[in-house]
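Please read the following note with the sequence and the model side by side.

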Amino acid sequence: MLKDSSIIIKAPSIIEFPSIGSSHEGYISVAEVEKNIPFQVKRVYWTYYTPQNIIRGYHAHKELQQVIFAVSGKIIFNVEDAQHNKTQFVLDQPHLGLYLPPFSWREIQFSHNAVLMCLASEVYNEEDYIRNYEDFINEIRKGQI
Ligand code: TYD
């Protein structure tokens, strides 16, 4: 359970993580549950070697929350949320994380050297995916989210 003092975020947004160090010695950034991650982390996955001309994603989740990093390179997220707000988020620094709540439709483009790392609130479950944009719109309408 998250404590009362835990951060609660509802909209897709950038979380700025601390960069500890200096240009002289290098940096370390830290993600900690109950401090700057708004859920208990049950899964970590990472993607790499995605060609620059490929757009991935094209899905939303019903329950999953995520915080996503470009630990290397640049990753552009075009996100539509449950209120139909469309926002472009650019992850181009390793200390920036993108928080995605449930019902965030995302389309993702990667630079050639990009490594995406995701902290996820649930284990993998294909049933949690909405992979069709019309279904995404209908689910929002149905649920009045
Ligand atoms: P998907 O989430 O559709 O990736 P993207 O949105 O980047 O295209 O996942 C791609 C494939 O990987 C899909 O067949 C499911 C599989 N997969 C797992 O088996 N476990 C996981 O934790 C994830 C994220 C994906």
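**Note on the predicted model**

1. Tyr48 is partly exposed, at a relative accessible area of 45%, whereas Tyr49 counts as exposed at 71%. For these labels, buried means under 20% relative accessible area, exposed over 50%, and partly exposed in between (1.4 Å probe, protein chains only).

2. This is a predicted model, in which local features need pLDDT of at least 70, side-chain atom pairs count only at pLDDT 80 or more, and totals for chains, interfaces and linings use all residues. Residues are numbered from 1 along each chain as its sequence is written, and side-chain values use heavy atoms, with hydrogens and water left out.

3. The structure holds six aromatic pairs. Rings of Phe, Tyr and Trp (its six-membered ring) pair if their centres lie within 6.5 Å; planes under 30 degrees apart count as stacked, over 60 as edge-to-face and the rest as tilted. Tyr48 and Tyr49 make an edge-to-face pair, with 5.2 Å from centre to centre and 90 degrees between the planes. Tyr133 and Phe136 make a tilted pair, at 5.9 Å and 40 degrees.

4. Tyr133 and Phe136 both belong to helix H1 (residues 133-143), three residues apart, or about one turn of the helix. Helices (H or I, at least four residues) and strands (E, at least two) are DSSP runs, numbered from the N terminus. Is each of the two, Tyr133 and Phe136, buried or partly exposed? Tyr133 is partly exposed, at 30%, while Phe136 is buried, at 0% relative accessibility. Together with Trp105, Tyr133 and Phe136 form one aromatic cluster.

5. How many salt bridges does a search of the whole structure find? The search finds four, a salt bridge being a side-chain nitrogen of Lys or Arg within 4 Å of a carboxyl oxygen of Asp or Glu. One of them joins Glu126 and Arg131, whose closest N and O atoms are 2.7 Å apart. Glu126 is partly exposed, at 35%, and Arg131 is likewise partly exposed, at 47%.

6. In another salt bridge, the side chains of Lys142 and Glu139 meet at 4.0 Å, N to O. Lys142 and Glu139 are separated by about one helical turn because they stand three residues apart in helix H1.
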